[in-house]
Amino acid sequence: MQDLNNINTVATLFEGERNFIANASNLSSFIIHTIPNLNWAGFYFVDGDELILGPFNGKPACIRIVLGNGVCGTAANNRETIVVENVHAFPGHIACDAASQSEIVIPIVHEGILYGVFDIDSPILNRFSDAEREYLENCVSALVRSSDIRKLSLYYSIDTNQK
Ligand code: SME
């Protein structure tokens, strides 16, 4: 097993393990400990017509978000990353941690199936640059590539026939 105190790349983080929940847990911890000025990083998974809270680092958060609601539900429905410079200016933003000022939400899609989102919050405005957006999207791609994401549908209500 790798030395978890000396992880410096996401690829190393997932070495030798394909369990999606375990790898997602470590990714949320890795992100919050390696990128400055973040207060929350975590996952929501599709469960029917809602998103339900998954592994995260940060304060306890909203458990269920209806698809289409908030930044998470909107990014999930659109299947596109949303970068919010100021959460107070985003209509319908759901405030889980009052400290959050800016946010990025990356949808998790594999082979046409929407599995959930990766949500990251910052206590400062306009925190996420284009370069960080690309980096974080690459982290999500690495997680999906390195893990058995399809097994999530054994536990959550995910429509695996969607196209
Ligand atoms: N702000 C999100 C809700 C999740 S928390 O930030 C952890 C939203 O508007 O969907």
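Residues are numbered from 1 along each chain as its sequence is written. Because the model is predicted, local features need pLDDT of at least 70, side-chain atom pairs count only at pLDDT 80 or more, and totals for chains, interfaces and linings use all residues.

**Around the ligand**

The ligand is surrounded by 15 residues. The closest are Gly70, Val71, Cys72, Ile94 and Cys96. A residue is near a molecule if its C-beta atom, placed from the backbone, lies within 6 Å of it. Two elements give two or more residues to this shell: α3 (70–78) and β6 (113–122). Helices (H or I, at least four residues) and strands (E, at least two) are DSSP runs, numbered from the N terminus. The most comes from α3, with 4 residues. By class, the shell has 8 nonpolar, 4 polar and 3 charged residues. Ala, Val, Leu, Ile, Met, Phe, Trp, Tyr, Cys and Pro count as nonpolar; Asp, Glu, Lys and Arg count as charged; the others, Gly among them, count as polar.

**Helix α3**

Helix α3 is largely enclosed by the rest of the structure, because 7 of its 9 residues are buried. Buried means that 20 or more other C-beta atoms lie within 10 Å of the residue's own; exposed means 12 or fewer; partly exposed is in between. The buried residues of α3 are Gly70, Val71, Cys72, Gly73, Thr74, Ala75 and Ala76. Their cover includes β1, β2 (50–58), β3 (64–66), β4, β5 (102–110) and β6. Arg79 follows α3 and has a positive phi, near 55°.

**The α2–α4 pair**

The axes of α2 (residues 20–34) and α4 (residues 130–146) come within 10 Å and cross at roughly 160°. Axes are lines fitted to C-alpha atoms, for helices over the stretch in contact, and angles run from 0 to 180 degrees between N-to-C directions. The two helices are therefore roughly antiparallel, a term for angles over 145 degrees. On the α2 side, the contact is made by Asn23, Ala24, Leu27 and Ile31. Cys139, Leu143 and Ser146 make it on the α4 side. Contact means C-beta atoms, placed from the backbone, within 7 Å. By class, this contact has 5 nonpolar, 2 polar and no charged residues.

Most residues other than glycine have a negative phi.

**Links across the chain**

Gly116 is in strand β6. Gly116 counts as buried, because it has 26 C-beta neighbours inside 10 Å. Its C-alpha atom is separated by 5.0 Å from that of Val46, 70 residues apart along the chain. Leaving aside neighbours within four places in sequence, Gly116 is in contact with Phe43, Tyr44, Phe45, Val46, Leu51, Gly54 and Ile108.

Gln162 sits in the segment after α4. Gln162 is exposed, with 10 other C-beta atoms within 10 Å. The C-alpha atoms of Gln162 and Gly112 are separated by 7.1 Å, and these residues are 50 apart along the chain. Leaving aside neighbours within four places in sequence, Gln162 is in contact with Gly112, Ile113 and Leu114.

Technical notes. Parallel < 35°, antiparallel > 145°, perpendicular 65-115°, else oblique. Contact = placed C-beta atoms within 7 Å.
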